[in-house]
Amino acid sequence: MKRIGVLTSGGDAPGMNAAIRAVVRTALSNQMSVVGFKRGYNGLLMKSLTTEDDYVEMNSRSVSGIIHKGGTMLMTARCLDFLEESVQKEAVRNLRALGIEGLVCIGGNGTYAGARALNNLGMPTIGVPGTIDNDLNYTEFTIGFDTALNTAVEAVNRIRDTGDAHERASIVTVMGRHCGDIAVHTAVACGAEMAIIPEVPWTLEEVADTVHKGVISGKRSMILIFAEGAQDSLKTDLKALKKEYPKLHITREHMTSSQYAEVIEELSGHETRATVLGYTQRGGSPTANDRILATRTGAHAVELLKNDIGGRAVGIKGNKIMDVSLDEALSPMVFDREYYDLVDLTGYVR
């Protein structure tokens with residue numbers, strides 16, 4: 001191949017810029033030209049008022065000074081229209097009109113689904129794992145996970161300081177709709193008493209009991225790490241709980257972190273506060289690990305396209321860069337209990 005494209009899609013992840021840089025610089029070193037498409041798959045549809053809003057010819061200077069920056073210089077977005085095969089075919093026609101022979105797609109599950117669709121229509125694609133959730137089963141780590149984890153750990157360290165001062169329990173909500181990796185790894189790194197995640201059923205009564213045991217054992221503060229998607233694995237009957245404790249502000253099935261804190265405080269008898277870290281985990285300068293992972297995976301993606309290989313997803317296992325089919329990359333996550341059990345073992349309140 002002599003001309004390729006690159007895009008970032010879905011949620012942004014620290015290190016995406018480093019991956020873009022690696023794609024562009026590696027391609028240019030192999031006498032390949034590169035087109036950067038803006039706002040994910042939206043850029044392929046070319047519906048903006050000007051072409052500059054959809055895509056840009058990239059050179060070595062285009063990616064200077066971006067390796068340390070969070071976000072993505074190509075911007076990112078979700079494109080629901082891209083679920084339609086007719087729209088996917090339109091994208092392939094547009095790519096071919098620009099002379100694009102292959103495409104590097106940086107993102108998570110949704111991005112990979114789009115890449116697979118394009119590949120099946122004859123446009124060779126390579127997936128590069130850019131998502132803070134670490135929710136791609138085929139690779140040990142994804143670009144952005146390490147940065148998000150370190151951001152969460154730093155925040156929890158600060159929350160623990162004030163928790164100690166006020167002798168309270170703290171629920172810290174981190175990102176992770178369907179995967180609890182950020183929560184579990186943060187809990188291990190911070191010595192949290194619990195990690196509450198979507199993969200493991202839990203009850204508010206169990207959490208409150210943990211807090212109560214901590215108070216009895218003389219703990220001044222406790223840290224409970226809550227993945228945002230853990231609501232899905234909650235087994236407490238909220239209606240029954242509301243009936244038993246009518247003063248609690250349980251107003252809907254999907255509760256906020258503050259409502260969880262209120263319930264836990266009532267059931268445990270110990271002051272409990274909630275903090276939602278939110279989008280702070282997505283931003284910021286990527287860690288060295290994420291920059292290196294992005295550079296290695298981005299470069300490997302180009303090497304595959306150079307050899308006319310498409311339909312693959314790049315990842316890392318045992319510190320070795322590898323690639324699998326996009327079908328395998330999109331296989332369902334398999335929950336590994338190792339880290340979760342480690343939280344339970346080391347955070348046990350005696």
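Student: How do strand S5 and strand S10 pair, and over how many bridges?
Tutor: They pair in the parallel sense, over 2 bridges. S5 covers residues 125-129 and S10 covers residues 312-317. Keep in mind that this is a predicted model.

Student: Which residue stands opposite Ile-126 in S10?
Tutor: Arg-312 does.

Student: What sheet are those strands part of?
Tutor: An open sheet of 7 strands. The order is S3-S2-S1-S4-S5-S10-S11. The pairing is mixed.

Student: Which strands stand at the edges there?
Tutor: S3 and strand S11, which spans 320-325. Each has a single partner strand, so one side of each is left without a neighbour in the sheet.

Student: And how far are neighbouring strands turned against each other?
Tutor: By 25° on average, direction ignored.

Student: In what sense do S10 and S11 pair?
Tutor: Antiparallel, over 6 bridges. In that pairing, Ile-316 stands opposite Ile-321 in S11.

Student: How many residues sit between the strands in that hairpin?
Tutor: The hairpin of S10 and S11 has 2 residues between the strands. Gly-318 takes a positive phi near 60° there.

Student: What about positive phi in residues that aren't glycine? Where is Met-75 found?
Tutor: First, some background. Most residues other than glycine have a negative phi. Met-75 has a positive phi of about 60° although it is not a glycine. Met-75 is found in the loop between S3 and helix H3 (85-97).

Student: How accessible is Met-75?
Tutor: Its relative accessibility is 33%, so Met-75 counts as partly exposed.

Student: And Asp-308, where is that found?
Tutor: In the loop between helix H10 (288-306) and S10. Asp-308 has a positive phi of about 60° too, and it is not a glycine.

Student: Is Asp-308 buried or exposed?
Tutor: Exposed. Its relative accessibility is 54%, and the cut-off for exposed is over 50%, so Asp-308 counts as exposed.

Student: New topic. What is the strand order in the open sheet of 4 strands?
Tutor: S7-S8-S6-S9, with parallel pairing. Strand S7 (194-196) and strand S9 (272-276) stand at the edges. Each of these two has a single partner strand, so one side of each is left without a neighbour in the sheet.

Student: How much are neighbouring strands turned in this sheet?
Tutor: By 20° on average, direction ignored.

Student: Over how many bridges do S6 and S8 pair?
Tutor: Over 6 bridges, in the parallel sense. Strand S6 is residues 169-174 and strand S8 is residues 222-227. One partner pair is Ser-170 with Ile-223 in S8.

Student: Switching to rings. How many aromatic pairs are there?
Tutor: The count comes to 8 aromatic pairs. One of them is Phe-37 with Tyr-55. Their centres are 6.0 Å apart, with 50° between the planes, and the pair is tilted.

Student: Where do Phe-37 and Tyr-55 lie in the chain?
Tutor: Phe-37 is in strand S2 (residues 33-37) and Tyr-55 is in strand S3 (residues 55-58). They are 18 residues apart, and the pair links distant parts of the chain. Phe-37 and Tyr-55 are both buried.

Student: What about Phe-226 and Tyr-260? How are their rings placed?
Tutor: The centres are 5.0 Å apart and the planes are at 45°, so this pair is tilted. Phe-226 lies in strand S8 and Tyr-260 in helix H9 (residues 257-268), so the pair ties together parts that are 34 residues apart in sequence.

Student: Are those two buried or exposed?
Tutor: Buried. Phe-226 has a relative accessible area of 5%. Tyr-260 has 2%.

Student: Last one. How much space lies in the largest pocket?
Tutor: About 1200 Å³. The pocket is lined by 47 residues. Among those nearest its centre are Asn-109 and Asp-133.

Student: Which element gives the most to that lining?
Tutor: H4, with 6 residues.

Student: And how do the lining residues divide?
Tutor: Into 18 nonpolar, 17 polar and 12 charged.

Technical notes: Residues numbered from 1 in each chain as written. Predicted model: local features only at pLDDT ≥ 70, side-chain atom pairs only at ≥ 80, totals over all residues. Heavy atoms only, no water. 1 Å grid on protein atoms, 1.4 Å probe; cavity = no way out; pocket = protein on both sides within 12 Å on 5 of 7 lines; lining within 4 Å. Points joined across faces, edges and corners; volume = space filled by probe spheres on them. Nonpolar A, V, L, I, M, F, W, Y, C, P; charged D, E, K, R; others polar. Pairing = 2+ DSSP bridges. Axes fitted to C-alpha atoms, helices over the stretch in contact; angles between N-to-C directions. Phe/Tyr/Trp six-rings, centres within 6.5 Å; stacked < 30°, edge-to-face > 60°. Buried < 20%, exposed > 50% of the residue type's maximum accessible area, 1.4 Å probe, protein only.
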